[in-house]
Amino acid sequence: MIKAFLYKAKKQPWLFFFVNAALLFIIVLVCDKLGGKLLKHFYFKQTSGVMYRTTYSIEKTTAPLLVFGSSKANHHYTPEVFEKELGMEYYNTGRDGSHIFYHYAVLKSVLKRYTPKVIILDFTLFDIQKKQESYDRLSSLLPYYDTHPEIRPIVELKGETEKLKLLSAIYPYNSAAFTIFKGNTSGKADEEVKAKGFMPLLRTWNKPIGPAPDTIDISNADTLKVKYFEAFIKYCKAAGVKLYISFSPMYLKYEQSPLPVETVKKLAANYQVDFYNFLTDTSFTNHPQLFSDPSHLNDRGA
């Protein structure tokens, strides 16, 4: 019967094309589902690396003290200091290159599971600046789209076609195969546990302080980012979490306080949240040996 159908299809070009197109679609669909299932399995089996730390932040940590933010958060807050002084367990949810959308998504997932006592949100200029990269980097949350409905609206900010793209099982892990492999084979699981999300930088900067780069637009705010920043504050307040916002040190000279800093300072004041601004703190800016590069403290500075 199948042979007869194929013979008939060969005699009719339109039917032959339809059969081949259908077979190709089925093959692609099966490969996508199997490939996505395999990548998902190994993604969530990682025991080290940046993706593992995101999963741990979203799904596992129960530390009463959490640090949120981008690379500055990731490198500026030494766990031993906080645990010794405050007597509470610490975890750093910071991720290099992330912005307020990412921080808010992680916060939503954390507060769905438990309520930390203290949260430190390390603020950067990019957190409320107009920057397409902030939306593009939401790809780091794609693997959690299916299992975490609380973050779906944030992931969908990435673009109007995200829902359609996410019909693909492979799409959430696009270009991540090597990182997933590394996260499963690095043998650094013990180091990861001890680090508690903190990634120290060991280099020492030895150049004089310079002006803030012209490439940083200090006057343009993204209203949607401001909205999510305010939502982060309100969500912490509603949950009874003690929130601190910090602009941690940078080795750059600003002639005036950037608009993003002033905007966040006002937001913090409106909600009676403590705001610490180290942008022009000379106990840091007079000491290049405390920095790894103009944007980050080294381990000693942290």
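Author: Ser 140 is buried, because its relative accessible area is 13% and buried means under 20% (exposed is over 50%, partly exposed in between; 1.4 Å probe, protein chains only). This is a predicted model, where local features need pLDDT of at least 70, side-chain atom pairs count only at pLDDT 80 or more, and totals for chains, interfaces and linings use all residues. Residues are numbered from 1 along each chain as its sequence is written, and side-chain values use heavy atoms, with hydrogens and water left out.

Reader: Where does Ser 140 lie?

Author: Ser 140 is in the loop between helix 7 and helix 8; helices are DSSP runs (H or I, at least four residues), numbered from the N terminus.

Reader: And which residues does Ser 140 touch?

Author: Leaving aside residues up to four places away in sequence, Ser 140 touches Tyr 43, Arg 95 and Tyr 102, where contact means heavy atoms within 4.5 Å.

Reader: How do the axes of helix 6 and helix 12 cross?

Author: The two axes come within 9 Å and cross at roughly 25°, taken as lines fitted to C-alpha atoms over the stretch in contact, with angles from 0 to 180 degrees between N-to-C directions. Helix 6 is therefore roughly parallel to helix 12, a term for angles under 35 degrees.

Reader: Which residues meet there?

Author: Residues of helix 6 including Phe 101, Tyr 104 and Leu 107 meet residues of helix 12 including Tyr 228, Phe 232 and Tyr 235.

Note on methods:
Helices (H or I, at least four residues) and strands (E, at least two) are DSSP runs, numbered from the N terminus. Angles under 35 degrees count as roughly parallel, over 145 as roughly antiparallel, 65 to 115 as roughly perpendicular and the rest as oblique.
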